[in-house]
Structures are given as C-alpha cells and as structure tokens.
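Look at the model below and work through the exercises about its pockets and its ligand. Try each task on your own before reading its solution.

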Amino acid sequence: MIDKKSPLPIYYQIEENIKQRISNGEYQPNDMIPSERILSENYAVSRMTVRQAITNLVNEGVLYREKGRGTFIAENKIEQSLKGLTSFTEDMKTRGMTASSKLLDFEKVTASVEISRKLEIEENAEIYRLQRIRYADQKPMAIETNFLPVTMFPDLKKEDVQGSLYDYVEKNKRQKIGKASQIIEATIANEDQATLLEIPPGSAVLHIERHSFLEDGTPFEVVKSSYRADRYKFSSDITRG
Ligand code: GLP
C-alpha cells in the first residue's frame, strides 16, 4: 500500500490511497474514517504523517472534521457546467436530485444605482428583492438574492417563487430566457451565511453574480448568490482559437 522507497512523499501516498478508497466505493459520503492512531498502525507510519495527509484532504474538501466526533468523507461536489443558461431547479433535476427553496425575504424596495443601471430602469424605481435558500435533496446549497423590476412582473407573488423562478418568468413573459453574464468570485462565509448554509463560519463560498436577459434582450434580473464551495465546482470546455 505504502512504498517507503518511493520518491513520492508518504503523506501523499496516504492521500492517494484514501482517494482511491473513495472512488472504489469502499468509503461512502459521510462515513467516518478510522482515527489517526488506527490509520498510523494500518499504514505503519507515524501519526504526524497521517495527520498531514488528513489535513491536506480536509483542505481539499475530500474530508471534513467534526469537533469531538471524528473525520468524515465529504459529499461529492456538484459539477456545474458553465455552458448552458440553466436554472437551479433544472440543474438539480438533471442530477436526479430534488430542488426546493426556503423564502427568506420577498419585498418591494427601491433600486440602487447599480441595480437600476443593470435592469435599465429609473434610479429608485421599484424592484422585488427576493432571497431564497436553495436546497438539493433537503441539503442547503446556496443563498440567492434576486432583483427583478416590479413593472415587468406586477403580479409576482410569494407562491410564484417557491418553485422555479425561471419557469414563472418564461410562462409569464411568453418567451424564453435568452442569455446572461456571470461573474464568479471566491469569498468566505460570514456568520449569517454560515448558519443558513449549515457550514462553519469562515468556510469558502463561491459568490456568483448573474445578469440575465430575455430572448428579446430585455434585462429581467440581477442575482447575487453564495454557493457552498464544498459542494460546488464549475467546469467549462475551452478551445484555443
Ligand atoms: C440559478 C442561478 C440564478 C437563477 C436561478 C433560477 O441558481 N444561479 O441566477 O436565478 O438559477 O432558478 P429557479 O428557476 O430554480 O428559481
């Protein structure tokens, strides 16, 4: 299992071995791995070496620690392609998961300069501010705050955003959502976000800002979301032109 003569560091070989056990199904998400003492006996290496391997895997998001309980196998990250313009509901459906939401806020507010410019409405015009926790199979994945012009959706009600917002928009406007631009940044969860996302404060979070347009080019939403970085990764196909 561990080759002490190999030029590869021992902690690295342990990391690879644990990863292999995950990929062959021996370790399942949320399984507890053996204690450092047992692992050091099994691998016949020092506890310090085991600790280094485990710390690296925790930092990588492969394992997570729970104070006073132990170290566990993390859930597989959801890989989100950056290719298509899809909704959260559609993304979860594609993966055979069930999307749900908890509405934290639904109110009419006046648009800030930034939002009014993006939505191409008068400064101080009325907008909806709706904030939802998005769940996949009952587990929190993201907090999303959407800003939509009130004049565009005068009849929007709380019930309409319990399900898919994109579904509502396309039915209501009788046209498809056309395009969006998006920016992804790395951030750290503050206390509030950590509580809502059920992660320790200070965990990595992906902040995504999306500016979306209907097929006819009308901007209809600005969205600011915080996705759990331990559950999400983004992929894209790129060509060298
Ligand atoms: C994704 C996007 C959001 C968008 C949402 C709509 O999560 N990041 O910008 O508002 O999908 O999802 P749904 O139609 O499920 O409400």
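The model is predicted, so local features need pLDDT of at least 70 and side-chain atom pairs count only at pLDDT 80 or more, while totals for chains, interfaces and linings use all residues. Residues are numbered from 1 along each chain as its sequence is written, and side-chain values use heavy atoms, with hydrogens and water left out.

**Exercise 1.** Describe the largest pocket and its lining.

Step 1. A pocket is an open set of points on a 1 Å grid over the protein atoms alone, where a 1.4 Å probe fits and protein lies on both sides within 12 Å along at least five of seven lines; lining residues have an atom within 4 Å of a point. The largest pocket holds about 730 Å³ of space, where a volume is the space filled by probe spheres set on the points.

Step 2. Its lining is made by 22 residues, and Y64, I199, P200, R228 and D230 lie nearest the centre. By type, the lining divides into nine nonpolar, five polar and eight charged residues, with Gly counted as polar and Tyr as nonpolar.

Step 3. Helices (at least four residues) and strands (at least two) are DSSP runs, numbered from the N terminus. The largest share of this lining, four residues, comes from β1.

**Exercise 2.** Describe the second largest pocket and state what takes up its space.

Step 1. This pocket has about 430 Å³ of space. Of the 28 residues lining it, T86, Y166, Q182, R210 and Y227 are the closest to its centre.

Step 2. Strand β9 (residues 219-228) gives the largest share of the lining, four residues.

Step 3. The ligand takes the space of the second largest pocket, by the rule that more than half of a molecule's atoms must lie within 2 Å of the grid points.
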